[in-house]
Amino acid sequence: MTEHLYYHDSFLYEFDAEVLDLASPAESRPAVILDRTAFYPTSGGQIFDTGWILPSQTSSKLRVTEVTEREDGQILHVLENAESIHKGVRVHGLIDVDRRRDHMQQHSGQHVLSAAFVRLFNLPTVSFHMGAESCSIDLETNHLTGGQVEAAEVLANDVVMQNRAVSTRFVTREEAQSLGLRKIPPLESDKLRLIDVHDFDLIACGGTHVSATGQIGCILLRKTEKTRQGWRVEFVCGKRAVATARHDYGVLAESGGLLSSHIWDVPQQLRKLQQESRVVRKSGEHLLEELAALYASRLLAETPESGGRKIIIRTLPDRDLTFIKLLAQRLTRQSAGVIALLGTTSEPAALVFAQSPGQQFDMGGLMKEMLARLGGRGGGSKDMAQGGPTRIEGLEPALAELAAQLREHSG
Ligand SMILES: [Zn+2]
């Protein structure tokens, strides 16, 4: 079995080892197993290290793209390519230091944060997730308030500022039981690896951690959301917290600039804008209705009656479907015996056919026939139908033809 160097020193970024075996994981990517390694494999919520493996007596520098733990416990170092690697070769391993430091900050920050929620509100953490951008813990609780989140953030950052020592030690399961651990994992192994944040938290964990809480830098809590089992709290630590705050500030500053206001006044300004836009929308709707009513009166006045009916055809190039629908309603409700065949050629083109209640035609059927000719989809009831024609060139003559047919029918 491989010796886990990272169990004893999280700051070991370089090491020498021997290739025990070559293995192909399921995806058939090349991978090696070493007799000892400082590469951390994905486990316990923490994601894997990356880095390089340098076979001795060659100039190759092989990229380690992923590190996983196989079901039998072997650690696989997945390589971009495995040239000049074979069983028995001596290698030098290099860990990607920036990535490892970031993981240590996130993971150690999680220990402190989880302990803060227990100390303050007795809310245990049931799982931890580390993502490429942010991390989260799931708390076992039905209620979580903004005040609790803020209080946990304050306490966690106090512990960071106090720069408490973080130490690692191995104990037996019996010893662990007498030590008052936050939780004991259901592992079958006899030895437990304990992470001790001095006088604040003690828990069994296999991950890589800082050696003093000050190295976490800071802990920033962000989104919280209700999940099926409890509450999820998103957080970022250290340099990620700085990058996240920088990004948030950029977004806020741009929003403030667009509103010509201080960033702290952005919500107030947005509320004002929302209110104003509601008022403008309402007054626009009102004006359109008035316009439709006036236009309907004019069309009814200038259209002569034939056979007891008025057939009104109009194509409006600069109005939309909403307006021609309003107009059709006004025309057919303001007066009995009206048939309105309306169209608009503005993008997207639209047709509305309507008749006053009690008229004999079938607007839905006529619309289907019209669309069979012009292309597009639509339909409706006996008295009102709408459609979206795809060919607008033939729209006006087609409406004129239909009107002629209806007149003939009425005559
Ligand atoms: Zn840990």
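Trainee: Which residue stands opposite Val352 in E18?

Mentor: Leu342 is the residue that stands opposite Val352 in that strand. Before going further, note that this is a predicted model, in which local features need pLDDT of at least 70 and side-chain atom pairs count only at pLDDT 80 or more, while totals for chains, interfaces and linings use all residues. Residues are numbered from 1 along each chain as its sequence is written, and side-chain values use heavy atoms, with hydrogens and water left out.

Trainee: What makes E17 and E18 a pair of strands?

Mentor: Strands are DSSP runs of E of at least two residues, helices are runs of H or I of at least four, and both are numbered from the N terminus. Two strands pair if DSSP finds at least two bridges between them, and 6 bridges join E17 (residues 338-344) to E18, the two running antiparallel. A hairpin of 5 residues connects E17 to E18, and in the loop between these strands lies Pro348, which is joined to Glu347 by a cis peptide bond with omega of about -10°. E18 also pairs with E20 (residues 384-389), in the antiparallel sense and over 4 bridges, with Gly387 as the bridge partner of Leu351.

Trainee: What makes E18 a mostly covered strand?

Mentor: Buried means under 20% relative accessible area, exposed means over 50%, and partly exposed lies in between (1.4 Å probe, protein chains only). By that scale, 6 of the 6 residues of E18 (350-355) are buried. Both faces are covered, with Ala350, Val352 and Ala354 buried on one side and Leu351, Phe353 and Gln355 buried on the other.

Trainee: Why is the pair of Tyr6 and Tyr7 called edge-to-face?

Mentor: Rings of Phe, Tyr and Trp (its six-membered ring) pair if their centres lie within 6.5 Å, and planes under 30 degrees apart count as stacked, over 60 as edge-to-face and the rest as tilted. This pair is one of 5 aromatic pairs in the structure. The ring centres of Tyr6 and Tyr7 are 5.2 Å apart and their planes stand at 80°, so the pair is edge-to-face. Tyr6 counts as buried because its relative accessible area is 1%, whereas Tyr7 counts as partly exposed because its value is 26%.

Trainee: What makes Phe15 and Phe39 a tie between parts of the chain?

Mentor: Phe15 lies in strand E2 (residues 14-23) and Phe39 in the loop between E4 (36-37) and E5 (51-55), so their pair ties together parts that are 24 residues apart in sequence. The two rings are edge-to-face, at 5.9 Å centre to centre and 80° between the planes, and both residues are buried.

Trainee: What places the charged end of Arg63 over the ring of Trp52?

Mentor: A charge sits over a ring if NZ of Lys or CZ of Arg is within 6 Å of the ring centre and within 35 degrees of the ring normal. The charged end of Arg63 sits over the Trp52 ring at 4.7 Å from its centre, and Arg319 lies over the face of Phe323 at 4.8 Å from the ring centre.
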